[in-house]
Protein chains: 2
Amino acid sequence: MAYPIDLSNFLVKRNKKLIPIQLFEQFKARLVNVRKGQILFEEGDPARDFYQVEEGQVKMYILNPEGQEFTQGFFNPGESFGEPALLGGFNYPSNAMAVQKGKVWRLPKPEFLQLLKENFDIHIKLNEVLCKRLQYKSMILTEVSSYDPGHRLNTLLKYLKAKLPKKTGEEKVMIPFTRQQMADMTGLRVETVIRTIKKMEKENKLKLQGHKILF
Amino acid sequence: MAYPIDLSNFLVKRNKKLIPIQLFEQFKARLVNVRKGQILFEEGDPARDFYQVEEGQVKMYILNPEGQEFTQGFFNPGESFGEPALLGGFNYPSNAMAVQKGKVWRLPKPEFLQLLKENFDIHIKLNEVLCKRLQYKSMILTEVSSYDPGHRLNTLLKYLKAKLPKKTGEEKVMIPFTRQQMADMTGLRVETVIRTIKKMEKENKLKLQGHKILF
DNA sequence: CCTTTCTTATGATCCGGGTCATAGGTGTAT
DNA sequence: ATACACCTATGACCCGGATCATAAGAAAGG
């Protein structure tokens with residue numbers, strides 16, 4: 001289970017709205033309030049709507065029978081989620097949960113397709129989003145399939161650093177994730193992440209400020 | 001290195017052409033001859049063209065520094081490849097090699113975008129392809145990150161079985177892959193695949209006919 | 001304030017799958 | 001027929017990360 005800290009700026013650059021509010025309104029999308037911990041859909045559910053976060057944060061994840069979680073991704077304001085199942089025509093392969101209280105746009109598939117048809121630029125942006133997600137998955141897959149924990153975490157941190165907004169002047173960024181969350185993203189155990197992070201500090205691959213990771 | 005057996009019917013249903021020849025001709029795409037083993041692009045190359053297999057088979061893969069291969073996918077006639085980098089705007093994260101002699105369509109990005117703009121149905125089909133590829137990656141990622149070899153191979157075989165053309169009447173299909181190739185697809189070692197396949201036979205999860213796997 | 005619940009942390013143990021060595025089987029090319 | 005390159009197969013060994021136990025720090029909520 002995730003620790004409820006604020007993860008709001010993360011995994012994809014902010015202020016990159018796929019679909020603007022005005023278009024949602026034109027196509028009569030619904031803006032739904034979600035409470036913290038609310039499940040939006042579960043593994044196996046059929047995909048009928050397009051979803052985009054307006055406020056808050058959504059996590060997609062799967063649990064294996066032993067209860068271990070693997071995080072597929074975090075989605076922030078302006079970002080859509082669940083499109084693969086919608087456009088690929090299959091049931092959701094994972095769960096979606098609101099990490100915190102917020103608002104989410106829902107647009108039924110037929111209206112969504114019409115919207116794409118009438119807005120080529122958005123359709124192209126959607127392609128871009130899907131492609132970047134494939135890139136992320138390929139990267140993680142490569143790591144998980146053949147590298148040791150140090151390499152895996154290094155790659156994850158590098159990726160995060162590139163996505164996080166950089167404060168001018170400082171060359172290191174603070175990683176806004178707990179070790180448990182990094183474990184869930186890389187398929188490692190929390191103890192392994194803890195030990196590896198310590199080792200990486202000794203090797204000067206990162207700095208620790210209290211428990212916070214500077215990379 | 002891959003063993004040059006015929007893998008022609010595999011991983012995605014056949015006869016599903018994304019873009020028909022007539023459209024390629026209309027947009028003045030080039031039909032390029034490729035020889036067996038030819039590299040079409042390599043990790044790090046910028047993505048400038050859209051590719052679709054006309055004849056033969058293309059493999060995308062990465063090699064880690066120790067030389068171990070991880071297969072990202074096989075692409076058969078009618079299937080496109082390399083679109084993520086093209087549409088996501090990043091360099092190729094992996095290599096593409098012709099597994100056998102064949103022909104490949106190449107269409108520069110600007111013309112490709114124009115084609116999509118004028119053909120909404122193809123744009124939607126492209127989305128579907130990308131989404132299914134995401135589905136496959138998520139599946140493999142889930143397996144690799146938290147399951148044992150038996151579970152991983154079972155999932156891979158289940159997936160393959162669903163994609164392979166089924167002969168009516170028979171409930172088992174023959175898996176057209178070597179153990180090395182299955183290892184490259186699941187991130188396992190060939191010895192582990194061999195041992196696990198044998199164990200699965202004892203557990204009646206599959207049948208062996210000589211060395212061929214019936215699932 | 002205190003309690004709860006999540007965090008980070010560290011040591012001990014264990015075992016599954018990687019690694020290495022060796023060998024026989026199978027298909028293709030010459 | 002022979003050679004070669006890749007395949008399947010099996011045993012021995014080992015090590016890295018999972019697992020389990022335990023505990024102290026930090027944050028959230030009443």
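Trainee: Which residue takes a positive phi in the hairpin of strand 4 and strand 5 of chain B?

Mentor: It is Gly67(B), with phi near 90°, in a hairpin that has 5 residues between its strands. This is a predicted model, in which local features need pLDDT of at least 70, side-chain atom pairs count only at pLDDT 80 or more, and totals for chains, interfaces and linings use all residues. Residues are numbered from 1 along each chain as its sequence is written, while chains are lettered from A and ligands numbered from 1 in the order in which they are written.

Trainee: What makes strand 4 and strand 5 of chain B a pair?

Mentor: Strands here are DSSP runs of E with at least two residues, as helices are runs of H or I with at least four, both numbered from the N terminus, and two strands pair if DSSP finds at least two bridges between them. Strand 4 (residues 58-63) and strand 5 of chain B are joined by 6 bridges and run antiparallel, so they pair by that rule. In one of these bridges Val58(B) has Phe75(B) as its partner in strand 5.

Trainee: Why is strand 5 of chain B called mostly covered?

Mentor: A residue is buried if 20 or more other C-beta atoms, placed from the backbone, lie within 10 Å of its own, exposed if 12 or fewer, and partly exposed in between. In strand 5 of chain B, 5 of the 7 residues are buried.

Trainee: Why is Lys28(A) called exposed?

Mentor: Lys28(A) has 9 other C-beta atoms within 10 Å, a count that falls under the exposed rule. Lys28(A) lies in the loop between helix 1 (21-26) and strand 1 of chain A, and has a positive phi near 60° although it is not a glycine. Asn204(B) is likewise exposed, with 7 such atoms; its place is the loop between helix 7 (190-202) and strand 9 (207-209) of chain B, and its phi is positive, about 60°.

Trainee: Why are strand 1 and strand 6 of chain A placed at the edges of their sheet?

Mentor: The open sheet has 4 strands in the order 1-8-3-6, paired antiparallel. Strand 1 (30-34) and strand 6 (80-81) each have a single partner strand, so one side of each is left without a neighbour in the sheet. The partner of strand 1 is strand 8 (residues 102-108), over 5 bridges, and Val32(A) is bridged to Val104(A) there.

Trainee: What makes up the contact between the chains?

Mentor: With residues in contact if their C-beta atoms, placed from the backbone, lie within 7 Å, each chain contributes 33 residues. On the side of chain B, strand 5 (69-75), helix 2 (83-88) and helix 4 (120-146) each supply at least two residues, and helix 4 gives the most, with 19.

Note on methods. Contact = placed C-beta atoms within 7 Å.
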